[in-house]
Amino acid sequence: MRIVIVGGVGGGMSAAARARRLDESAEIVVLDRGEHVSFAGCGLPYHVGGEIPDADDLLVQTPESLRAALDLDVRTRHDVVGLDAGTRTLTVWTDAGTETVGYDALVLSPGAQAVRPPVPGLDSPRVRTLRTVADATALREQVDGGARRAVVLGAGFIGLEAAEALAQRGLDVTVVELADHVLPPLEPELASLVDDELADLGVTVRSGVAATAVEPGSASDVVVLADGTRVAADLVVLAAGVRPDTEVFAAAGVETERGAIVVDAHGRTNLPGVWAIGDATVSTDAVTGARRPVALAGPANRAGRQVADAILRPETARPLPAALGTAVVRVGGLTAATTGANRAALTATGIGFHTLHLHPAHHVGWFPGAEQVHLVVHVRHDDGLLLGAQAVGRAGVDKRIDVLATALRAGMTAGDLVDLDLAYAPPYGAAKDPVNLAGMAASNVLDGTLRIWHADELDAVREDALVLDVRSRSEFASGHVPGALNVPHTELRGRLDEVRAAAAGRPVRALCGSGVRSHVAHRVLTQAGFDSASLSGGMLTLRAALGPAADDLLVVDEPALTP
């Protein structure tokens with residue numbers, strides 16, 4: 001059997017390696033248009049930033065090493081420009097001319113290409129993408145050559161990695177993002193924490209605004225924004241997203257959906273003998289059922305293995321799993337990570353859900369070095385099924401999101417999270433891990449023990465309810481909601497008559513620093529007959545949700561309201 005794979009790197013090379021391990025007699029040919037068929041694409045920003053000094057360290061394998069180890073026929077600088085499914089042949093452009101390559105089984109792993117928005121001036125030599133080793137090398141050469149000002153167009157994962165790398169090299173960096181906040185998949189109240197970290201790195205963030213032009217100059221370019229701002233740039237990184245690189249195959253009859261190749265549960269396309277994997281294929285979201293490409297290395301690598309099984313061991317091949325979209329990024333000293341669906345995706349698909357905000361320490365607070373994990377968890381409103389989770393913090397974030405990604409794949413509920421038996425010792429965690437605490441909070445909401453309100457309801461709450469701040473007097477004085485009544489939670493039982501008089505028949509909406517003390521207050525108030533609820537995530541979440549507006553809204557050192 002002759003297996004031809006179009007595109008290397010993650011998915012394609014995984015398919016090739018697995019196919020060889022399953023069948024020593026197969027002829028396996030890998031065609032890749034680039035210079036390098038197996039490189040660490042996720043490491044490119046770290047070469048630009050200097051953490052990976054030598055670009056050669058990004059090269060995982062070479063055609064020669066793959067021939068020696070796996071007897072693979074790897075051909076770089078081979079650009080597939082045509083497919084004839086009837087004759088099972090490919091038309092390939094090479095340095096020596098056009099070739100025809102036949103196949104018995106074909107695996108398409110063409111990946112994605114950078115989105116180039118219709119912005120005049122993107123053809124400037126100072127504008128680069130960050131998709132290949134050559135891109136990273138060119139950017140590093142620009143930095144080494146004296147570039148001092150950089151503009152990054154796009155604040156997704158790659159954009160922020162590029163911004164961090166350039167800031168580490170001492171450049172004056174501006175990030176431009178059309179969406180309302182950086183890392184658009186992240187919930188806004190978590191993204192604001194990333195904004196703060198970028199500011200600490202010296203990075204300027206311009207969100208909610210588009211770049212309308214790049215004006216080339218003799219010594220530098222100018223990036224023009226829709227609001228009229230003009231930003232000088234010695235280099236520009238285009239990181240506005242990617243789109244499937246599938247035009248050649250769509251023209252040959254491969255079924256696509258919004259540009260991405262449609263595959264079945266085993267990666268088969270609509271054409272006989274043709275499979276597809278990776279960034280260029282349609283995935284079905286495991287939570288919402290939405291269909292979209294998922295441009296992540298992990299799913300692509302695993303899909304390569306499973307498609308090789310489907311070709312060579314179809315009777316035992318496992319289906320490709322639905323995507324969870326688990327991802328993580330470092331920004332300065334912070335880690336931000338996500339898995340499953342966010343609020344926007346759940347709302348768009350009409351799934352009823354509860355959102356919990358927690359701010360536990362990544363290990364016990366009394367052991368030195370404890371850092372807060374700012375955690376958001378979504379569960380289905382009726383049965384507590386875990387739907388998604390996100391976290392930001394300086395330690396322990398990746399561990400919790402990995403546990404929650406595993407729980408998502410297993411179909412766990414809030415109650416199951418409570419029961420997870422996770423490792424505990426003071427340097428590593430707590431007897432009640434943040435994941436356990438998320439399950440406990442969600443379970444309390446589901447069974448009615450806890451009723452919550454959210455930061456985006458603040459205006460309505462101030463209009464219709466009494467805001468009861470149960471923090472200490474010093475915390476209250478450091479910044480509080482105007483008109484709030486301050487009754488420390490330790491005094492609440494003895495001051496219920498004051499609360500009742502201040503409420504004057506209105507609901508009471510309690511808040512504290514992180515949501516723990518206001519939960520205690522809520523239980524006291526509810527059992528005393530009040531219409532009560534506790535602010536999810538407390539003042540930490542409220543400040544993050546308000547962003548810069550917090551300094552204008554919250555009152556500092558105002559005397560506590562008394563009835």
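Start by selecting β6 and strand β7 (residues 89–94), which pair in the antiparallel sense over five bridges. This is a predicted model. Within the pair, find D84, which stands opposite T89 in β7.

The three strands form an open sheet in the order β6-β7-β8, with antiparallel pairing. β6 (79–84) and β8 (97–102) stand at the edges with a single partner strand each, so one side of each has no neighbour in the sheet. From one strand to the next, the twist averages 25°.

Next, select helix α5 (residues 157–168). Its twelve residues reach 17 Å from the first C-alpha to the last, close to the 16 Å expected at 1.5 Å a residue. Colour the helix by accessibility: nine of the twelve residues are buried, so α5 is largely enclosed by the rest of the structure. The buried residues are G159, L160, E161, A162, A163, E164, A165, L166 and A167. Two glutamates, E161 and E164, are therefore on the buried list, given that buried means under 20% relative accessible area. Step past the end of the helix to G170, which follows α5 and has a positive phi, near 90°.

The last stop is A337, which lies in strand β26 (residues 334–340). Is A337 buried or exposed? A337 is buried, with a relative accessible area of 2%; the cut-off for buried is under 20%. Display the residues around A337, again leaving out those up to four places away in sequence: the contacts are L186, A327, V328, A389, Q390, A391, V397 and I401.

To finish, draw a distance from A337 to Q142, C-alpha to C-alpha. The two residues are 30 Å apart in space and 195 residues apart in sequence.

Note on methods: Residues numbered from 1 in each chain as written. Predicted model: local features only at pLDDT ≥ 70, side-chain atom pairs only at ≥ 80, totals over all residues. Heavy atoms only, no water. Pairing = 2+ DSSP bridges. Helix = DSSP H or I, 4+ residues; strand = E, 2+ residues; numbered from the N terminus. Axes fitted to C-alpha atoms, helices over the stretch in contact; angles between N-to-C directions. Expected span 1.5 Å × (residues − 1). Buried < 20%, exposed > 50% of the residue type's maximum accessible area, 1.4 Å probe, protein only. Contact = heavy atoms within 4.5 Å.
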